[in-house]
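I opened this model to look up its domains, its cores and the surroundings of its ligand. My entries follow the display.

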Amino acid sequence: MRLGILGGGQLGRMLALSAHPLGITSTVLDPGADPCAAAAARHVRGEFDDLQALYELVKRSDVITYEFENVPVESAHWLAERVPVFPPPKALEVSQDRLVEKSFFESLGIPTPPFAAIDTREQFDVAIRDIGLPAVLKTRRFGYDGKGQAVLRTPADAEAAWATLGGRPLILEGFVPFDREVSVLAVRSRTGETAFYPLVENEHREGMLYRSIAPASGTGEELTERACEFALRVMTELNYVGVLAIEWFQDGPRLLANEMAPRVHNSGHWTTEGAVTSQFENHVRAVCGLPLGSAVAVGHSALFNLIGSRPDFAEVLAIPNAHLHWYGKEPKPRRKVGHVTLTAADADERTRLADEFVRRINPQVA
Ligand code: AMP
């Protein structure tokens, strides 16, 4: 079996690494000269809308998937006419546009923060009145890691936000005074079999994922079941195949959908050591038409991203149960260059190890 992957970043690399023991060889399409996934996969160099490069990928693939959601939808459709493409291109369409995405959640009865489409200054003023402050103004497309958004706390903030973001299609969302952010990772196979990882608790700093713990602490069965049921609604509606991540704001007993990613997700990196089957392997299994593996957690895990700088590897590995994943990328400000997963038998040990990691390594969003 030959797997084609659009995108050659760390997610592509970890997918290829998980495909390898299953006897599946991977080829990534990426415009870079030496993308990080090229260490684990063959590499076709080209833009994501370059038909010649796409054709080259088709020739080398029995099935194609993607590792980021900003793949041009036209390219995904073009590929899908030639070779199976999973998750379905429709999932890309939904996740690429925050307005389409929130409307999609709403159509399935999945709660979201209040939102309004903004194209003009007039609509902006009306939406501020309707939704109230604080609120968050976001670009509808190509926003990630907190880019392309501004928090409005007072009417005066509206001017500055409009000056920076105005002129593009936007969405205004009510600011959710959430208790915490959680995500659910689910996977669906080509035969409709599903599996759900336990709820993950995520801490963001400066708009980037800093730390995840799994299973999330103090989560009742009811909350987990609700998140999984919502994910199932999305997957069923899209006839989805592969791993799907949905990020939520938890506000008391309420879960409000923030966004979905039709791919393996940073908040699921702990599954490599912390679950019976990793998200990467389950994604590969799903898109390649294989049975899914168990998504049950093995003990308790904490995941820290390494952002912008390289820690002392020996220092990291001296921490008990620390697993280092270095992506082989040049450190740059706000660039994810690796992650560390700490595995523990129980939640208390996880807290101890995470505290030790922070004390000794002091990971920063640099
Ligand atoms: P996003 O790119 O939409 O995931 O936003 C990045 C981060 O900004 C989120 O993880 C939240 O911490 C924060 N954020 C985004 N939207 C909202 C909102 N409507 N209310 C409160 N915080 C938000």
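Conventions. I am working with a predicted model, in which local features need pLDDT of at least 70, side-chain atom pairs count only at pLDDT 80 or more, and totals for chains, interfaces and linings use all residues. Residues are numbered from 1 along each chain as its sequence is written, and side-chain values use heavy atoms, with hydrogens and water left out.

Domains. I noted domain 1 (2-85), domain 2 (114-174) and domain 3 (180-361); the bounds come from an automatic or database domain assignment. The C-alpha centres of domain 1 and domain 2 are 35 Å apart.

Cores. I looked up the nonpolar cores, meaning sets of buried Ala, Val, Leu, Ile, Met, Phe, Trp, Tyr and Cys residues joined through side-chain atoms within 4.5 Å. Buried is under 20% relative accessible area, exposed is over 50% and partly exposed is in between (1.4 Å probe, protein chains only). The largest core has 44 residues, and L6, V234, I246, W248 and M260 have the most contacts inside it. Helix α8 (residues 221-238) gives this core its largest share, eight residues. Helices (H or I, at least four residues) and strands (E, at least two) are DSSP runs numbered from the N terminus. Domain 1 (2-85) and domain 3 (180-361) each supply at least three residues to this core. Another core, of 37 residues, lies apart from it and includes V28, C36, L185 and Y197.

I then listed the contacts (heavy atoms within 4.5 Å) of W248. Beyond four places in sequence, its partners include I110, R180, A227, F230 and L255.

Ligand. I found 14 residues around the ligand, of which R98, K138, V176, E181 and E259 come nearest; a residue counts if one of its heavy atoms lies within 4 Å. A side-chain N or O atom of R98 is 2.9 Å from a ligand oxygen atom. For H204, the corresponding side-chain distance to a ligand oxygen atom is 3.5 Å. G174 places a backbone N or O atom 3.0 Å from a ligand nitrogen atom. The protein covers 90% of the 470 Å² of accessible area that the ligand has on its own, by the Shrake-Rupley method with a 1.4 Å probe. Strands β6 (135-139), β8 (170-174) and β14 (254-261) give two or more residues each to the shell.

N202. I placed N202 in strand β11 (residues 200-205). N202 counts as buried because its relative accessible area is 7%. Its side chain makes a polar contact with the side chain of S212 at 2.7 Å.

Methods
A polar contact is a pair of N or O atoms within 3.5 Å; within protein, one must be able to donate a hydrogen and the other to accept it, and residues adjacent in sequence count only if both atoms are side-chain atoms.
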